[in-house]
Amino acid sequence: MLRDSVTVVADVDASVEVVWRFLTTARGAWWPEMRFDAAVGSPLVETWIEEGRHVSATGSVTRCDEPHVLGFSWTEQGWDHPLDVVIELATHGQTTLVTLTESGFSRARTPYSLRAGHDEGWRYHLARLKRMSEGEAVDVDAQ
């Protein structure tokens, strides 16, 4: 049975409120390609260059329980259905545990390689969120 979801976890040495701020309103400091407002129904778009051409994923925010849960649904050209992303922030002692789950790959009928690609991509983005939330500089041009 193929895995239908990707889950990535990061332990961030910052408060839930700080991580939430960098995930939502200060996101441009570490992920300028992703645009949305932290409100249910807000349109969402991520743009990037892949093999020399501009590509985008579009969707909308589906959950916004500040400062603990952000969810969105998004799709790219060629997917049969959108993928669902839920990002949960939980206090873990003096740190914040960030758990991101993306699901719906089977329903979207994406190639299996997309799961691995998204797993790698989410690890990259959560590492940047972690560094920014912990007060480290992040080069937004390095991708």
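A charge is taken to sit over a ring if NZ of Lys or CZ of Arg is within 6 Å of the ring centre and within 35 degrees of the ring normal. In this predicted model, Arg 21 lies over the face of Phe 22, at 4.7 Å from the ring centre. Arg 27 has its charged end over the ring of Phe 36, 3.7 Å from the centre of that ring.

Phe 36 also belongs to an aromatic cluster, together with Trp 30, Trp 31, Phe 72, Trp 74 and Trp 122. The structure holds 6 aromatic pairs, and two of them are listed here.

| Ring pair | Centre distance | Plane angle | Geometry |
|---|---|---|---|
| Trp 30 and Trp 31 | 5.5 Å | 45° | tilted |
| Trp 31 and Trp 122 | 5.7 Å | 85° | edge-to-face |

Trp 30 is buried at 2% relative accessibility, Trp 31 at 5% and Trp 122 at 4%.

Glu 102, in strand β7 (residues 95-103), makes a side-chain polar contact with Trp 74 at 2.8 Å and another with Trp 122 at 2.8 Å. Glu 102 is buried but has no salt bridge. Its nearest side chain of opposite charge, Arg 115, is 9.3 Å away, and a salt bridge requires a separation within 4 Å. Beyond its neighbours within four places in sequence, the contacts of Glu 102 include Asp 4, Ser 5, Val 6, Leu 83 and His 118.

Conventions. Residues are numbered from 1 along each chain as its sequence is written. This is a predicted model: local features need pLDDT of at least 70, side-chain atom pairs count only at pLDDT 80 or more; totals for chains, interfaces and linings use all residues. Side-chain values use heavy atoms; hydrogens and water are left out. Helices (H or I, at least four residues) and strands (E, at least two) are DSSP runs, numbered from the N terminus. Buried means under 20% relative accessible area, exposed over 50%, partly exposed in between (1.4 Å probe, protein chains only). Lys and Arg count as positive and Asp and Glu as negative; His and the chain ends are not counted. A polar contact is a pair of N or O atoms within 3.5 Å; within protein, one must be able to donate a hydrogen and the other to accept it, and residues adjacent in sequence count only if both atoms are side-chain atoms. Contact means heavy atoms within 4.5 Å. Rings of Phe, Tyr and Trp (its six-membered ring) pair if their centres lie within 6.5 Å; planes under 30 degrees apart count as stacked, over 60 as edge-to-face and the rest as tilted.
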